[in-house]
Amino acid sequence: MINPLIPFKQQAFCKFGPPPPPLSWNLDATSLQGILSIGFDAIRRGRAGRVQPGECYHLYPKCVYDAFSEYQLPELLRTPLNSLCLQIKSLQVESIGEFLSAALQAPEPRAVQNAIDFLKMIGALDEKENLTNLGKVLSMLPVDPKLGKMLTMGAIFRCFDPVLTIVAGLSVRDPFLLPQDKRDVARQ
């Protein structure tokens, strides 16, 4: 149990760990819909003023709140499948598809197959879906597999510093780009 007097950011870090990299640097109103829910919002509101007088402020517009689902999406559906499939294979599971299909809310089989095909294309898996040497290295890196391959190849070809700079730039979303279907919401 964490003392309610600890600031929210420290509580969230202690309870949930650091947020996933793509969201931690670019939290905008459209990206909040995947990680926040009406239930999560009610919990935060209930903690305001419990120990000492306080108020709860929400820094998103009502239209975004109305678009929240009642509960969060399961983390399995929010996690990039390329990295997830690589992690599953590093646990020496026979079939990635069968393993993920046993989940309560499994990802789409086509999306899993696309992730497996991508891992084969970059050389992390062989044709029988076994980890290659590159795949073993990539499964230990805390980055997207394609960025991990860039880092690995940069180290092999002795150009790690420029590749590291490029990977750092590619690992975050561009704050100036907005999906076409979200432009109207952003203008309001």
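**Ground rules.** I number residues from 1 along each chain as its sequence is written. Because the model is predicted, I keep local features to pLDDT of at least 70 and side-chain atom pairs to pLDDT 80 or more, while totals for chains, interfaces and linings use all residues, and side-chain values use heavy atoms, with hydrogens and water left out.

**Overview.** I looked up the secondary structure and found 13 helices and zero strands; here helices (H or I, at least four residues) and strands (E, at least two) are DSSP runs, numbered from the N terminus. Of the 188 residues, 23% count as buried, meaning under 20% relative accessible area, with exposed over 50% and partly exposed in between (1.4 Å probe, protein chains only). I then checked contacts, defined as heavy atoms within 4.5 Å. Among those with a separation of 6 or more, 54% come from residues 24 or more positions apart.

**Confidence.** My next stop was pLDDT, the predictor's confidence in each residue, from 0 to 100. The protein averages 78, and 63% of the residues score at least 70. Helix α2 (residues 21–24) has the lowest confidence, at a mean of 41, and α11 has the highest, at 96. Over residues 13–31 pLDDT stays under 50, and the model has 23 contacts beyond four places in sequence for them. A note to myself: where pLDDT is low, the predicted coordinates should not be read in detail.

**Helix α7.** I listed the buried residues of α7 (residues 81–90): L81, L84, C85, L86, I88 and K89. Their cover includes α6 (75–78), α8 (96–101), α9 (109–121), α10 (133–140) and α11 (145–156). After the helix comes Q92, with a positive phi near 65°.

**α7 against α10.** The two axes come within 9 Å and cross at roughly 110°; they are lines fitted to C-alpha atoms over the stretch in contact, with angles from 0 to 180 degrees between N-to-C directions. That makes α7 roughly perpendicular to α10, on a scale where under 35 degrees is roughly parallel, over 145 roughly antiparallel, 65 to 115 roughly perpendicular and the rest oblique. From α7 I noted L86, Q87 and S90 in the contact, and from α10 G135, L138 and S139.

**S139.** Where does S139 sit? I found S139 in helix α10, buried with a relative accessible area of 12%. Leaving aside neighbours within four places in sequence, S139 is in contact with L86, Q87 and S90.
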